[in-house]
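Q: I would like to learn how to read a few local features of a protein model. Could we take them one by one, each with its general idea and then its case here?

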Amino acid sequence: MSIKKKMSGKHKLALELLLATVLSLLIGVLAANGVASLAYDYLNRKLTREGYYERRVEESLQSLQRFIDQNQVTEENVELLYIWVQKQRDIYAVFYKDVDSLFSPYQEQEQEEITYYDVELADGTPIKAELECYMGMKYYYGVDAASIVVGISCFVVLLLLLIHRKIRYINRLENELKILGGGNMEYPISIQGNDELTSLALGIEAMKNEILERQRLKAEAEKANTELVTAMSHDLRTPLTSLIGYLELLNLHRYDDETQLENYLKHCREKAFQMKKMSDRLFEYFLVYGKEEQPYQFRNVTCENLLEDLCNSQFFEWQEAGGSLDCQVEELGGSVKIDTEYMQRVTDNLVSNLKKYGDLNYPLTIRAFERQDMLHILLTNHVREQKNVVESTQIGLKTCRKIIENCEGKFDWERNDQEFTVHMELPLQSANSES
């Protein structure tokens, strides 16, 4: 998934949750109103059937009369009727002693008809009662409560259904994280959708891959270290055994003459230098794959002095062994920033490589020129034919590359059946650079 696609879903999860909440709320309100409307229609049809209202009024009048008789309500204590009215939740009642009118100037206008019911007090006094029945109020209250419950239930259920997929995805990621935490780093992480949860899953997958890569590199390094130690211990044991043997012979004076003594000493010296080269390879390995022995101490050196040193002194061992130099140096006017001690290591590694593989019958060619703010140094020599070819680890050349790269330069080499070429590049320093 591309970065652009991931960024487009940055706030998508929040938007989805907002839309799901609004939609669930809207459907919940509609459901509540629908339930209330249907229930109201049903109650209205049931409560307005013929005779239902009259029966309810008749029942109320009988209840009123029983209350009067039981409590001996008279004109003197007529206030007791208030108790009966309070007990009737859906009855509106007003009591009159006399409501007959003699004359009304408004008889021509249509007035709302009021029905009065005759009631007799315990002392025989006749009164009239105006009753209004509010039928089924408890049912209407129940309908309101039921519609609210239905609306809330629809809202919650629909919201859970709409976000169920996200909740299931979160639970899946949680289970996969537990599997990774248990040590199974190869277990794949589920990637789906395009929102914040997707970005979270991608981050977990990237972290898992990084951990796997580190584990792989660590395993390879440990394997390489084990192989190196094993090989070096085997290689060192052979000359060390021979060296100890010669030293024992010398210590016991078991030699016939001075010639044999010199021969033993020569063999001891050869074995000692052989062990030194092996130990040097070991230190070079740790220089390439470990930390440097000491920090770099850079200073400016003119290109002319650097090449003069290379042509006149650095390859002295090659010349002493019988080799020759062919220096082809153009006019050099710049300077480079190097650490002379580490550059000496580069030269030592190159000389060691020359003595091991170079052909003394051909000169070592050194070319130097300045191009595009870089000092270019090319070393070329012929490769000596070898009967028993041993595969090289190229640790010395890798050491050279690391040193030159730490000087902000480049180091490459190329080898074929006839020639071996090294190409070094070092950045030229400006005129006002500090020494």
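A: Start with contact, which means heavy atoms within 4.5 Å. The model is predicted. By that cut-off, and leaving aside residues up to four places away in sequence, Lys410 touches Ile404, His423, Met424 and Glu425.

Q: Where is Lys410 found, and is Lys410 buried or exposed, or partly exposed?
A: Lys410 is found in strand S9.

Q: What separates the C-alpha atoms of Lys410 and His423?
A: The two residues are 13 apart along the chain, and their C-alpha atoms are separated by 8.0 Å. His423 is also among the residues that Lys410 touches.

Q: What do contacts say about the protein as a whole?
A: Take the contacts between residues at least 6 apart in sequence: 72% of them join residues at least 24 apart. The protein has 11 helices and 10 strands. Of its 435 residues, buried ones make up 31%.

Q: Which residues of H11 are buried?
A: They are Ile395, Gly396, Leu397, Thr399, Cys400, Ile403 and Ile404.

Q: How do the axes of H10 and H11 cross?
A: Two values describe the pair: how close the axes come, and the angle between them. Helix H10, residues 340–357, and H11 have axes that come within 9 Å and cross at roughly 155 degrees. Angles over 145 degrees count as roughly antiparallel, so H10 is roughly antiparallel to H11. The handedness of the crossing is left-handed. On the H10 side the contact is made by Tyr342, Met343, Arg345, Val346, Asn349 and Leu350. On the H11 side it is made by Gly396, Leu397, Thr399, Cys400, Ile403 and Ile404.

Q: What is the phi of Asp373, and where does Asp373 lie?
A: Asp373 is not a glycine, yet its phi is positive, about 60 degrees. The residue lies in the loop between strand S7 (364–371) and strand S8 (374–382). Asp373 counts as exposed, at 62% relative accessibility.

Q: How many disulfides does the count come to?
A: The rule asks for a pair of cysteine sulfur atoms within 2.5 Å. By this rule the count comes to 1 disulfide. Cys311 and Cys327 form it, with sulfur atoms 2.4 Å apart.

Q: Why is the disulfide of Cys311 and Cys327 left-handed?
A: The torsion about the S-S bond gives the hand. Here that torsion is about -125 degrees, so the disulfide is left-handed.

Q: Which parts does the pair tie together?
A: Cys311 lies in helix H8, residues 303–314, and Cys327 lies in strand S5, residues 325–329. The pair therefore ties together parts that are 16 residues apart in sequence.

Q: Are these cysteines buried or exposed, or partly exposed?
A: Cys311 is buried, with a relative accessible area of 12%, while Cys327 is partly exposed, at 33%. Cys154, with a relative accessible area of 25%, is partly exposed. Cys407 has 4% relative accessibility and counts as buried.

Q: What can be read for Leu38, which is found in helix H2?
A: Helix H2 covers residues 12–47. Leu38 is exposed, with a relative accessible area of 63%. Leu38 and Val143 are 105 residues apart along the chain, and their C-alpha atoms are separated by 9.6 Å.

Methods
Residues numbered from 1 in each chain as written. Predicted model: local features only at pLDDT ≥ 70, side-chain atom pairs only at ≥ 80, totals over all residues. Heavy atoms only, no water. Helix = DSSP H or I, 4+ residues; strand = E, 2+ residues; numbered from the N terminus. Buried < 20%, exposed > 50% of the residue type's maximum accessible area, 1.4 Å probe, protein only. Axes fitted to C-alpha atoms, helices over the stretch in contact; angles between N-to-C directions. Parallel < 35°, antiparallel > 145°, perpendicular 65-115°, else oblique. Left-handed = near helix turned anticlockwise from the far one by under 90°.
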